[in-house]
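Here is a short briefing on one protein model. Keep the sequence and the 3D view open while reading.

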Amino acid sequence: MEKRREATSEDGVLTRIGQAIMLHRAGDREEARNRLTALWHEIGPQGDAFHRCTLAHYMADTQDDPRDELDWDLRALEAAEGFVTERPGCAAASAEPRIADGPGPRHPLVALRAFFPSLHLNIAADYAALDRPADARAQLRRARASVNALADGEYRQGLRDAIDRLQRRIDRAAGHTP
């Protein structure tokens, strides 16, 4: 019974994150940001890493200032990296050849690992927006490396395409011809 209550509680957090995401996608950026902020304080700095990563990942999208967006993307990456490196047995798990397509409802480690290419891509875009091309390129390298751990599919291909588009944009801004 206790495990069921825990699962319901965790599902409730993800449901609330999902509701805020739907508000954002419907155009209510401010209300989405308000709800995610309240949930961030509720979860707290010692809260579940999967929840913190997911929330910060989407909170970044609700920001108006590129520096704030970068801060939230870095928080998401920090939560994901902390979860992966601090859990017993995660080193073995990271040796898995492929991850199921996209972040979603599955074991948190697998879901967090599936976030890495997107997190690095978002951070690269943040650095590009802040006119920090060297940092952006470094994050793109990390995005390319982590996307290879994903299973073939739409999510993986979409990320590869987005990585390539951002790379071309950064190269054009620097005056490089692809």
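A residue counts as buried when its relative accessible area is under 20%, and as exposed when that area is over 50%. Ser118 has 12% relative accessibility, so it counts as buried. The model is predicted.

**Ser118 and its surroundings**
- Ser118 is part of helix α6, which runs over residues 108-129.
- Leaving aside residues up to four places away in sequence, Ser118 touches His57, Tyr155 and Leu159.

**Nonpolar core**
- The largest nonpolar core holds 42 residues.
- Ile17, Cys53, Leu55, Leu112, Leu119, Leu121 and Leu140 touch the most other members of this core.
- At least two core residues come from each of α1 (2-25), α2, α3 (49-61), α4, α6, α7 and α8 (154-173).
- Helix α6 gives the largest share, 9 residues.
- Ile17 touches Leu36, Leu39, His51, Thr54, Leu55 and Tyr58, again not counting residues up to four places away in sequence.

**Aromatic pair**
- The model has 1 aromatic pair.
- Trp40 and Trp72 form this pair, with an edge-to-face geometry.
- Trp40 sits in helix α2 (residues 29-43) and Trp72 in helix α4 (residues 66-86), so the pair ties together parts that are 32 residues apart in sequence.
- Trp40 and Trp72 are buried.
- Arg75 lies over the face of Trp72, 4.1 Å from the ring centre.

**Helix α7**
- Helix α7 has 15 residues, which should span 21 Å at 1.5 Å a residue; the end C-alpha atoms are 20 Å apart, which agrees.
- Its buried residues are Ala136, Gln139, Leu140, Ala143, Ser146 and Val147.
- Viewed down the axis of α7, the buried residues fall within an arc of 130°, so they line one face of the helix.
- Ala134, Arg141 and Ala145 are exposed on the other side of α7.
- As a general rule, an α-helix has 3.6 residues a turn, so residues three or four places apart point the same way.

**Loop residue Asp131**
- Asp131 lies in the loop between α6 and α7 (133-147).
- Its phi is positive, about 55°, although Asp131 is not a glycine.
- Most residues other than glycine have a negative phi.
- Asp131 has 66% relative accessibility, so it counts as exposed.

Note on methods
Residues are numbered from 1 along each chain as its sequence is written. This is a predicted model: local features need pLDDT of at least 70, side-chain atom pairs count only at pLDDT 80 or more; totals for chains, interfaces and linings use all residues. Side-chain values use heavy atoms; hydrogens and water are left out. Rings of Phe, Tyr and Trp (its six-membered ring) pair if their centres lie within 6.5 Å; planes under 30 degrees apart count as stacked, over 60 as edge-to-face and the rest as tilted. Helices (H or I, at least four residues) and strands (E, at least two) are DSSP runs, numbered from the N terminus. Buried means under 20% relative accessible area, exposed over 50%, partly exposed in between (1.4 Å probe, protein chains only). A charge sits over a ring if NZ of Lys or CZ of Arg is within 6 Å of the ring centre and within 35 degrees of the ring normal. Contact means heavy atoms within 4.5 Å. A nonpolar core is a set of buried Ala, Val, Leu, Ile, Met, Phe, Trp, Tyr and Cys residues joined through side-chain atoms within 4.5 Å. The expected span of a helix is 1.5 Å times one less than its number of residues. The arc is that of the directions from the helix axis to the C-beta atoms.
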